[in-house]
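Reader: I am new to this structure and would like to understand how its descriptions are reached. Could you take me through the terms one at a time, setting each value against its cut-off?

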Amino acid sequence: MNTRLPYLREKTSRLTTSAGVYIMKDKNNNIIYIGKAKNLHRRVSSYFRENPDHTPKVSAMVSNVNDYDFIVTDSEYEALLLECSLIKQHKPKYNILLKDDKGYNYIRISDDEYPRITAEKNMLKSGTYSNPYTSGFVVKETVDEVNRVFRLPTCNKKFPQDFRKSRPCLNYHIKNCMGICTGKISKSEYSDIIKQAENFIKNGSTESIERMEKEMNEASENLDFEKALILRDRINAIKKASEKQNIIENGIKSADVIGIVIADNIAYISVLIYRENRLSDKIVFEMEKTENEEDILSLFMEQFYYQRNDIPKIIITDHMPADEYIIWIMLVNQACREVDIRIPQKGRKYELLQLAKSNSAEYASLKTNRTGKEIIALEQLGKLLGLEKPPKYIEAYDISNLSDESIVAGMVVFEDGRPLKKAYKRFTIKQIQYQDDYESMYEVLTRRLMHIINQDGDEYFRRTPDLILLDGGKGHVNTITELIQNLGLDIQVFGMVKNDKHRTRAIASGGREIQINHLQTAFMFVTRIQDEVHRYSVNYMHSKHKKKTYLSELKTVKGIGEKKSEKLLIKYKTKDNLKKASPEELAETVGINSDTARELWEVIQNL
C-alpha cells in the first residue's frame, strides 16, 4: 500500500475543478503517468479514494505515486492537446502507448540512365524515394502494378550496356515489358514513361488517365499514331488494373478506416489509409486494453492524429470514441476543414470496415495462436450480446431424452473460440421423473453452479464462465437467469433458438430474440456450438438408453436384479467385454450358482 495516500488525498481535496492535465511522479521525481481531465479535482480524487475499484495496472501506478503536478487549461480541448504533447515528450511508463507492427517501406526510383522502380525496406541505395509506408504489402502491390501497367523492365540486365546482347525475354513476348534490351527505346522516351509511372504512384489512376488521354489526343492530332497507340494501350492497362485491384482505385477519395479487435487484453488496431481513390497505406498498432472499447478508440485517435498533417476527410469506425467532441475539434483544427467520423451499417464503407477488422484479427492471430475467424467471432458475439468484452470461456447446455427413463444433459465448453473437450460434462437427470425441459435444465444448472459457489469438483467445475448458452428460447433463459441471480452469481445467459429444420435461427435473451444471421462469422460460431452440444447430449442419451436395454435383458434371468446387473456393467463396461466373460467369471462377479451363470451367459451372447 502507498504510504503517501493520506498526503495525496489531502492535497487533492484542495485541487481545482477546472479542466487540465495531471502529471503523476514517483519517489525519484520521474513522470510515470500523464492524464487529462474535464474536472481535475474529480478525476485525480478517483485515484486516491478509499476502497478503489482499479484495474491491476492502475493499482500498480497508484502504488508508485509519490506526488503529482497539474496544469490548468482553458478547455478540455486544450487539455487534450497538452496531454498528447507531454505523452509524446516523456513517454510515461503507465500510459498506453501505440506500438506499430513494423518498420517503414519505400518505393524507390533508381538514378540509373534507365531507372527501375522497386520496393525497398530502407534507403541505403541511391535514387529517389517515396514518403515512407508502414505496409510492405501496399508497397509491393503498388510496385508490381506500376511495373505491369507501364511494362517496365524487372530483369537484372543493365542498360544501355546490355542493349542487343541477347534476345528479349518472355516478359517482352507476353507484353509485360516494353523491351528496353532491344535498344529501340530512347532515353528521353523512357524518361517520359518513368514520369508517367511516378505520377501514377503519387496521384492514382484517375489523374493519370486524364493526363494520358490528353497526350494521346495531341499525338493523334499531330499524326503521331504510333505514340497515340502506345498511350491508348497504357490507358487500357490502367483501367484494367483498376478494375482488378483495390490497391490502386477504390472509390474512396480520402478516408482512414479503423478496425479494432481485442485478444488477450491487447487491442489490435488496423488503419487502412485511402487517399486519391486508392489504398495508400496500412498500419497495425497494439495497445493495452482499457476498461471499455470507447476509451481504446479515444486514446488511439488522440495519439495517432495529434500533430498529423495528413488528416482524411472521413474517418470510418464501428463506434464513436468516448471523447468524440474534443477529438473532432482537434481533427478539424489540424485539417482546417470539416472531418466526418462515420459508423457505416452497410455498403462499401461497411465492407472496408470489416476488411480493417479482419486485418486486425489476422495480426492478432499471429500473436495469440488463434485464427482470425475465432477472434472476429468472439468479438462479434460479445458486441451483439452487449457483453463488456468478448467471451473467452463459454459453456453450452442441451437436454436430450428418448423416454422418461433416458433424460440426460450435455455441457460443452469453448475456450478462445475452440472446443475444450476435457472440460465437457454429462448429467443424468435425477430429480425429474418425467419429460420437462425447463425443470431438467434447472436441475442441471443448479448442480453445475453449486460447484462455483462451493469451489469443489475439478478445475473446470470451479471456473466461472463468461457466457452460458442454452439450447432453447426465452423460457429457458428466464428460468436460469433467475437461478443465477438467486445464487448471487454474475453470468450472462442466452438461448440458442432453432428453426423448423433444427438449425440456428437467433439468440434469445430474457425478453426478446436477437437476430444473428447478418453476422456470418458469429452466426457460424454459434451454430457450431449448438451442433456440438446437441451431438454430445444425444450421444450420451443413446448410450444411457442402450445401457438400460442391457439391464432389462439381464434382469430376465431369475436371480439377476438391478444391483447385480449394475455390477456386471461396472466391471465389464462394454457389451463386447461382457460377451467375452466365461460363465465362471460371471458367477464370481455377481455371486451366483453355475446354472444361473450358464443361463446368464446365454442371454448375454444373444444381446
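Author: Strands β1 and β2 (residues 31-37) are joined by 6 bridges and run antiparallel. The model is a predicted one, in which local features need pLDDT of at least 70 and side-chain atom pairs count only at pLDDT 80 or more, while totals for chains, interfaces and linings use all residues. Residues are numbered from 1 along each chain as its sequence is written, and side-chain values use heavy atoms, with hydrogens and water left out.

Reader: Which strands make up the open sheet, and in what order?

Author: The order is β2-β1-β3, with antiparallel pairing. Strands β2 and β3 stand at the edges, and because each has a single partner strand, one side of each is left without a neighbour in the sheet. From one strand to the next the twist averages 20°. Strand β3 (residues 67-72) pairs with β1 over 6 bridges in the antiparallel sense, and V21 stands opposite I71 in β3.

Reader: Why is β1 described as largely enclosed?

Author: A residue is buried when its relative accessible area is under 20%, exposed when it is over 50%, and partly exposed in between, using a 1.4 Å probe and protein chains only. In β1 (residues 20-25), 6 of the 6 residues are buried, so the strand is largely enclosed by the rest of the structure. In a regular strand the side chains alternate between the two faces of the sheet. Here G20, Y22 and M24 point one way, V21, I23 and K25 point the other way, and all are buried.

Reader: How do you know that helix α4 lies across this sheet, and at what angle does α4 run to β2?

Author: Helix α4 (residues 76-90) lies across β1, β2 and β3 and runs at about 165° to β2. Contact means heavy atoms within 4.5 Å, and angles run from 0 to 180 degrees between N-to-C directions, with axes fitted to C-alpha atoms, for helices over the stretch in contact.

Reader: How many disulfides does a search of the whole structure find?

Author: The search finds 0. A disulfide is a pair of cysteine sulfur atoms within 2.5 Å. The sulfur of C155 has its closest cysteine sulfur in C169, 5.7 Å away, which is too far for a bond. For C336 the closest cysteine sulfur is in C84, at 17 Å, again too far for a bond.

Reader: Are C155 and C336 buried, partly exposed or exposed?

Author: C155 has a relative accessible area of 29% and is therefore partly exposed, whereas C336, at 72% relative accessibility, counts as exposed.

Reader: At what angle do helices α17 and α19 pack, and what is the handedness of the crossing?

Author: Helix α17 (residues 562-572) and helix α19 (residues 583-590) pack at an angle of about 115°, with their axes 9 Å apart. Their crossing is right-handed; a crossing is right-handed if the near helix is turned clockwise from the far one by less than a right angle, and left-handed if anticlockwise. In this contact, K564, K567, L568, K571 and Y572 of α17 meet E585, L586, T589 and V590 of α19.

Terms used
Helix = DSSP H or I, 4+ residues; strand = E, 2+ residues; numbered from the N terminus. Pairing = 2+ DSSP bridges.
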